[in-house]
Amino acid sequence: MAKQLSSPNRTRPGLFQKELIGTAIRESFIKLNPAILVKNPVMFTVEVGTLIMVLVTVYIGVTGDTTQGSLAYNLSITFILLVTVLFANFAEAIAEARGKAQAESLRKTRQETPAKVIRPVGEYKLDEVQTISSAQLKKGDIFLCEAGDIIPSDGEIVEGLATIDESAITGESAPVIREAGGDKSSVTGGTKVLSDRIKVMVTTQPGESFLDKMIALVEGATRQKTPNEIALTILLAGFTLIFIIVCVALKPFADYANTPITIAALISLFVCLIPTTIGGLLSAIGIAGMDRALQANVIAKSGRAVETAGDVDTLLLDKTGTITIGNRKATNFYPAPGVSQTDMVRASALSSLADETPEGKSIVELARNGETDVTRNLSTTGATLIKFTAETRSSGIDVPLPGGESLRIRKGAMDSIRAIVQRAGNVFPSEIETKANEIAANGGTPLVVIENEAVKGVIELQDIIKPGISERFDRLRKMGVKTVMVTGDNPLTAKFIAGKAGVDDFIAEAKPEDKMNYIRREQTGGKLVAMMGDGTNDAPALAQADVGVAMNSGTQAAKEAGNMVDLDNDPTKLIEVVEIGKQLLITRGTLTTFSIANDVAKYFAIVPALFTLSIPALQALNIMGLHSPESAILSAVIFNAIIIPLLIPLALRGVEYKPIGASALLRRNLFIYGLGGIVAPFVGIKLIDLAVGLFI
Amino acid sequence: MYYQLLGLTLLFVFAAGLAVLMGRYMSRVFRGQPTALDVLTPVERCIYRAGGIDPYQSMTWQQYALSLLTINSIWLAYALLALRTQASIPFWNQGGIPSMDWSLAINTAISFLTSTNLQHYSGESGATYFTQMAVLTFLQFVSAATSLAVGVAVVRSLQAKTSSNVGNFYQDFVLSITRVFLPLSVLGAVWLLLRGVPMTFQPYTLIHTLEGVEQTVATGPVAAMIPIKHLGSNGGGFFGTNTAHPFENPDMVSYGINLINVLLLPIAFVVFVGYFLHRKKLAWLLFTIMTGCWLALTLPIIQQELTGNTAVSLLGVDQSMGNLEGKEMRFGTLGSAFWCGVNVVIPAGTLTSMHDSYTPLASLFMLLGMQVDAFYGGVGTGFLYMFLYLIIAIFIGSLMIGRTPELLGKKVGIPEIQVAALIMVIMPLLYLGATAIAVAIQQANPDIGWLSNPGFHGFTTILYEYVSSVAGNGSGFEGLADNTPFWNLTTSFVMFMGRFIPLIGPLAIAGSLYRKQYTPPSAGVLPTESVTFGILVTAVVLIIGALCTFPALALGPIAEYVSQAK
C-alpha cells in the first residue's frame, strides 16, 4: 500500500475514537429528520416503514387486538427497523465526524494570527504597517512577514526571499526557500518565516482558500454527489421501487390464497429486500474517500476529482524528483591514458571542493568514498574559484602552488574542454572521447577534467532512479495506467532513463506546450490524463488534464488551474491519488453487490415464514430450518440491521485495491462479495435464529 | 425417446447453424454491403419514393422513436377499423363471421401490433380471410420488422464511433421486410404448402363423417401466415388450437420447419451483433448465456413432463409416457415439452400443447422464461432486454474493479442508468400490478366465472396471462374466460406498455451512448468478453429479472407443487 504521509501533528485517527462516537450517536438521531433523510431514498422508505410499524404497535397496545401478531413481536420489529435507520445514520455521522476531526486539526494551522498589513498613506509612496487580525485580510491586501512571524494567510510573495518552516502543513521539518517571482512564490497560511523578510499579497478571500473548501467537503456540508454516486442512487432507488411493487402486490396475492399476512411481516420483507446495506453506507463511503485523500495530504477541490483519478489512463510525470532523485550524481572516475586513478580522483575532487552545486558535492562525496580518501590532504586555501558561465561552459579552481605557479583545474562538457585543450596545443585523447560518448549513450553526463590544459580523465554523472519506482510503474501498468516521463533531457538520455525506470513513454526536450499537446492528443483518443505541476507555465496543461495536481509550493496560477493540491509537494503522490479514487469506486461496487446478493437468503427466510401457517406444505422452502415464522422474520431483519455497523469499518477504510488486472480483480471481488453475499446471510440468519429461538 | 432427444438436439444445432449464416447476411444487409438480394433495390426505391422517404437521412433517437410510434398508430387505427367491420367487407370473406366487438377488436389489434398475438378469439370463428390476411398477417410482418429495426438501430449505436443520429427508421424497417422477413416467409410458405398446409379462399367445407354426423372443416389462406408467425416471434395462429392444428403443422417435418423458424432470427440477431460490431467474443458470450439459461429452463420442463403428474398416477393411470394430458399425440410428451421450452423463452409463444395441463413446476419455468424475455427473446426485442441487463451488469461490475462504467468504450452514466432502472421497475409493475387487481376482483367476486380452476392453479393462470402479455409472448395458459371487456382491456394496456416502453427505452440509451466519445479498450477496463463477466450478467438477470416474482411464484406454481407432492 501507499506509504502513510501523516504529519507529526496530525496522526491518523483510529476508526472509532471515543469522542467521535459520542458525536456520531447524537448526529444519528438528528438525521432521523425526514427532511434530511429523504436525500437517501432507500433509508427514507425504511423510516416510513418504521413509522407505520409504530402506528401498528400503538394500535395493538391500545386495543389489544392480536390479529397482527403479539405486542412484543410488533414492538421488536419496530425497534429493529428504527435501529436499522439509526445504524445507517451512524455510518454517515461517524464518517463526517472523522472528516471533521481531520479538518479541525487542519484548521488549527489557521488560527487567528496578527497580520502586518501595509497600507499606502496619502499620495506619497509612504507605506505604513498596521497590525490587524488575519480574519480581516482581504484579497489583494499586502502584508509583511519577518523572521519568527506566522504567515497569516495564503498568498504570493511580491517582494523578498525567505526560508520558511512548512512543517505545520507538510510535516517536513527541513525549511524551504520561497522567493518573489518564479515558481516558488507561493506561501501557505499557518507556516512560519524563519529568516529574512517578505511582502506577500493575499490571493484568496477569507473562507475561500483551498483548505476551507476541502474542510467543507470533508465535513459533508457542501459535498456534492458525484455522477457515479447519483447513478448508483438511481439504481438503488429502482431496486427499492421494484420491491415496493412486489410487497404491495403480495397483499392481494395472499388474500386470494387465503393467507393473511401481517403488516409487520410485509414491511419486514420489504426492508430486507431493498438494498439497505449499501443504501446505509453510501454516503459514508463517499465522505471516507475524501477523508483518505486528506490523510494523504491532498486537497481535492471536489469529490468528482478524486473519482476521476481512479479512471486515469495516462499519467504525466516529471523526471526530476519523481522518477530520479533530484539531481545527477557522480558515479565513476575514468582516468585518461597514462594518468593514475588517484591522480585523476584528486584532480576531480579538487575541482569540486568549493563547488556548491549538487553535482559538485556528489563528486567530492564519491572521491571520499574511494579506497583511499584522496580529499584528506587537499586544501583550497588561497585558491580562486572559477564559476560556471554559459560562455566557458566549464568551472574549476586555480590553486596557488608554493613556487608562485598555480594549478589550473577545470571540468566541463567535452566540447568546451576540448577547445581549451586544443587551444593550448595539447592532444585530446581519443579514448576519452569514446568513453564520454559511451557515458552519454547510457543516459549519463560526462564531465571532462583537465589540469593545466592536460586531460586527466572523465567523470561520469548519472541520474539516480528512485529506489522502488519501477515497481510502482509496474503496479500502475497492472492498473491499466500508462506512465509518461516528461524531461528536458535529449531524446537519447531520456530513452535510456525511461527504459531503466520502466515508464511506458517519454517526452524529451519538453517545452510546456509539448505537455499540453500530449495531453490533448491522449484526450482525443478518449483517454483520461493526470499530471502534476508547479509552475505558472504548467497552468494551462494542469487545467487541460482531467486530473491536475498542483504542488502546494507551486504558483497560485498552477494551484488555481489544477483540481487538487498536494500539500507535501511529493511528485509521486499521483499514484496514491489514483489508488484512492479506485478504492472509492470499488467500495461502492462491492458493497452494492453484497447487498443485492443478500436478497437470495432473505427470500428463503421470509417467504416461507409468510405462508407456512396457511399453506403448511410451503415449509419445504424453509431450507434453513428456521425455528418459527416469527423467529425467521425477526432473524432476517436483525441480520439486515447489524450487517450495516459490521461493514462500517470496511466502508471507512475502503475495500483494498489490488493491481492484479481487471479480469482477476472482477473475479476476486465477485467471489468475495457476490458469492460471499449469497452465503453470509444464510449463515448469519441461521445463527441469529438459533439465538432468537431461545426467547420465542 | 433417446432418438427423439437426439433429433431435437440436431434440430437445434441445425437452426443455430442457419442462424450463423443469417446473422452474417443481416450484418451485410444493414451495413449496406452487397448481397444476393440486391435485385430488390429497385423495389425498395419505389417504396421510399412512394412514401416520400429519404432513406439516407439519419435520425436522432427521438425522431426515430417518433416515426416508429406514428406509423404504429396508423396501423393500429387501420386494424381497429378492419376488425370492427370485418363482417361487412365483401371480399375474402368466408361468411358467417361477425365483426369483433370493441374490446375484442382493441385487444386483437394491439396484441398483433405488439407481436404478442394473445388471441382472445378463435381464428375459425372470429376472423375473416380478409382480416387474417390483410390485418393479422400484415401486422405480424410490420410488428416484427419494427422490433428488428429498433434492435438494429441500438446495435448500430454501439459502434466504435460517435454520432448524434441512430439511423433511419424507415430504411431499417423496409430492409427488415424486404431482405429478411419476406424472403424467408416465401421460402417457408412454399415448403409448408408442399407438406399440405392449405392456402385457399374457398369457404369452409362441410363433410359427412364415418359416424354419420356433419362437420365443418375450417380452411383458408393458412400457409401465408404460418412462417411469419414463427419467424417474427409473433405466435398468432390461423386456427384456435394454434400449431397443434394439423393444417398449421401437419407432420414432424413441418414441426421441424416451424421450430427452426422460431429459433432462427432470435439466434441470428446475436450473431448479427457479433459481425456488425466486430465483436465475435461478445456474441459468443451472449449466445452462451442465452443458451445456458434456456436449457436451464427447458430441461426441467421436459423432465417434469416426462415424469408425469403424480396426482394422475395416484389415480392408477400409467404415466410412463409422461404427462400426456393436453398434449398432441403426434408430437408426444418430449416434442411438446421441447416446443414449449423454446416458445416461452422466445416470445413467439405458439402452442402445440395445452400449457394449462403442464405440471406445476413446468409452469414455474415457463413463467421465468417469459418474464426475463432475454434468453434469445424475440427478434430484436430479446437483445434489447439483454442490453438493459448488460448496462446494469456493466455498471456494477465496473465499480467493482474501480472504474467509471463503460460499455464497449462508451461511458455509462446517469441517463443510461435512469432509463434501464425505469424499465426494470415498469415491467414487474405491469404484470404484478395487473395480477394484483385481477386476483383482488376474483377474490371479491368468487362467482365471476373467470377461472376453470380456482386455488393456486387459478393464481398461476392469471399471473401467466399478464406475464405473457407484458413479455409479448402471447401464449395463453388457457383455463381463463378471457374474452371479456376486463381481460381484453387490461391485457391490451399491459401489452402496449410492455411493448413500446422496452422499445423506446433502449433506443434512448443508444442515442445517448452513440453521442459519447469512444475510448479504445485499455487494460484497466472491465473485460466484457470474459467468463467472469458472463457470470455477473447471468446473476444480474436472475436476481433482478427473475427473483422479484419469487413471492408470487411461491403462491402459484410452488404452492401447487408442494401441495400436490404431499
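At what angle do the axes of helix α9 (residues 276–295) of chain A and α20(A) cross, and within what distance do they come? The axes cross at roughly 170° and come within 10 Å. The report returns to this pair below.

## Model and conventions

This is a predicted model, in which local features need pLDDT of at least 70 and side-chain atom pairs count only at pLDDT 80 or more, while totals for chains, interfaces and linings use all residues. Residues are numbered from 1 along each chain as its sequence is written, and chains are lettered from A and ligands numbered from 1 in the order in which they are written.

The predictor gives the complex an ipTM of 0.93 and a pTM of 0.85. In chain B the mean pLDDT (the predictor's confidence in each residue, from 0 to 100) is 92, and 100% of the residues reach 70 or more.

## Chain A

Chain A has 22 helices and 20 strands. Both are DSSP runs numbered from the N terminus: helices are H or I with at least four residues, and strands are E with at least two. Of the 696 residues in chain A, 52% are buried. A residue is buried if 20 or more other C-beta atoms lie within 10 Å of its own, exposed if 12 or fewer, and partly exposed in between, with C-beta atoms placed from the backbone.

Two residues are in contact if their C-beta atoms, placed from the backbone, lie within 7 Å. Among the contacts in chain A with a separation of 6 or more, 68% join residues 24 or more positions apart.

## Two packed helices in chain A

Two packed helices are described by the angle between their axes and the distance between the axes. Axes are lines fitted to C-alpha atoms, for helices over the stretch in contact, and angles run from 0 to 180 degrees between N-to-C directions. For α9(A) and α20(A) the crossing angle is roughly 170°, which makes α9(A) roughly antiparallel to α20(A). Angles under 35 degrees count as roughly parallel, over 145 as roughly antiparallel, 65 to 115 as roughly perpendicular and the rest as oblique.

On the α9(A) side, the contact residues include A:T277, A:I278, A:L281 and A:R292. On the α20(A) side, they include A:V577, A:I580, A:R588 and A:F594. By type, the residues of this contact are ten nonpolar, six polar and two charged. Here Ala, Val, Leu, Ile, Met, Phe, Trp, Tyr, Cys and Pro count as nonpolar, Asp, Glu, Lys and Arg as charged, and the others, Gly among them, as polar.

## Where the chains meet

Contacts between the chains involve 57 residues of chain A and 58 residues of chain B. On the chain A side, the elements that give two or more residues are α7 (227–256), α10 (303–311), α20 (573–611) and α22 (662–693). The largest share, 18 residues, comes from α7(A). This side of chain A has 34 nonpolar, 15 polar and eight charged residues.

Helix α3 (residues 61–84) of chain B has 24 residues and reaches 34 Å from its first C-alpha to its last, close to the 34 Å expected at 1.5 Å a residue. The expected span is 1.5 Å times one less than the number of residues. Among the buried residues of α3(B) are B:W61, B:Y64, B:N72 and B:L83. What covers the buried residues of α3(B) includes α4 (102–113), α6 (129–156), α7 (169–194) and α17 (485–515) of chain B.

One of these, α6(B), has 28 residues and reaches 39 Å, close to the 40 Å expected. It is mostly covered, with 23 of its 28 residues buried.

B:L368 sits in helix α13 (residues 360–372) and is buried, because 24 other C-beta atoms lie within 10 Å. Leaving aside neighbours within four places in sequence, B:L368 is in contact with B:L297 and B:A546. B:Q215, in strand β2 (residues 214–217), is exposed, with 11 other C-beta atoms within 10 Å. Not counting residues up to four places away in sequence, B:Q215 touches B:I207 and B:T209.

B:Q119 is not a glycine, yet has a positive phi of about 55°. B:Q119 lies in the loop between α4 and α5 (123–126) and is buried, with 25 other C-beta atoms within 10 Å.
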